[in-house]
Amino acid sequence: MRVEEIFSSKGRVKVLKSIVFHGEINLTSIIKETGLPSYGISRACTELHEMGLIELLSNGKDRLVKISDLGIRVAGQLFGGKSIPLYAKLEELLRRLSRI
């Protein structure tokens, strides 16, 4: 995965930021938050999933997306991790889990 691939689409960056900030979020909420059309959100999520940055989940009717372990690390570098509350918590959790 190259950084250029992530930044080649403003929509993809918006979607990734939304997912990183929330950790886990449904597609409808991403649409409302970003103002992007549903087909753009779906496409961005598919691409981010193929890059290994997010996980696609299903909760009944809701389609959820969740930041992956790789996504946490990448997002921390791309978006200045310490300014993202969820990132700091997840990073600490990953550190603790890796010691077990």
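A polar contact is taken here as a pair of N or O atoms within 3.5 Å, where, within protein, one atom must be able to donate a hydrogen and the other to accept it, and where residues adjacent in sequence count only if both atoms are side-chain atoms. The structure is a predicted model, in which local features need pLDDT of at least 70 and side-chain atom pairs count only at pLDDT 80 or more, while totals for chains, interfaces and linings use all residues. Residues are numbered from 1 along each chain as its sequence is written, and side-chain values use heavy atoms, with hydrogens and water left out.

The pLDDT, which is the predictor's confidence in each residue on a scale from 0 to 100, has a mean of 79 over the protein chain, with 69% of the residues reaching 70 or more. Helices (H or I, at least four residues) and strands (E, at least two) are DSSP runs numbered from the N terminus; among these elements, confidence is highest in helix α3 (residues 27-34), at a mean of 94, and lowest in helix α6 (residues 85-99), at 61.

Beyond its neighbours within four places in sequence, C45 is in contact (heavy atoms within 4.5 Å) with V15, I19, L27, I54, L56 and V65.

In α3, the buried residues (under 20% relative accessible area, against over 50% for exposed and in between for partly exposed, with a 1.4 Å probe and protein chains only) are L27, I30 and T34. Seen down the helix axis, these residues fall within an arc of 55 degrees, taken from the directions from the axis to the C-beta atoms, so they line one face of α3. Their cover includes α2, β1 (24-26), α4 and β3. The N-terminal end of α3 is capped by N26, a side-chain oxygen of which lies 3.2 Å from the backbone nitrogen of T28. E33, also in α3, is partly exposed at 44% relative accessibility, and its side chain makes a polar contact of 2.9 Å with the side chain of S18.

S68, located in the loop between β3 (62-67) and α5 (69-78), is buried, with a relative accessible area of 7%. A polar atom of the S68 side chain lies 3.0 Å from the backbone nitrogen of G71.
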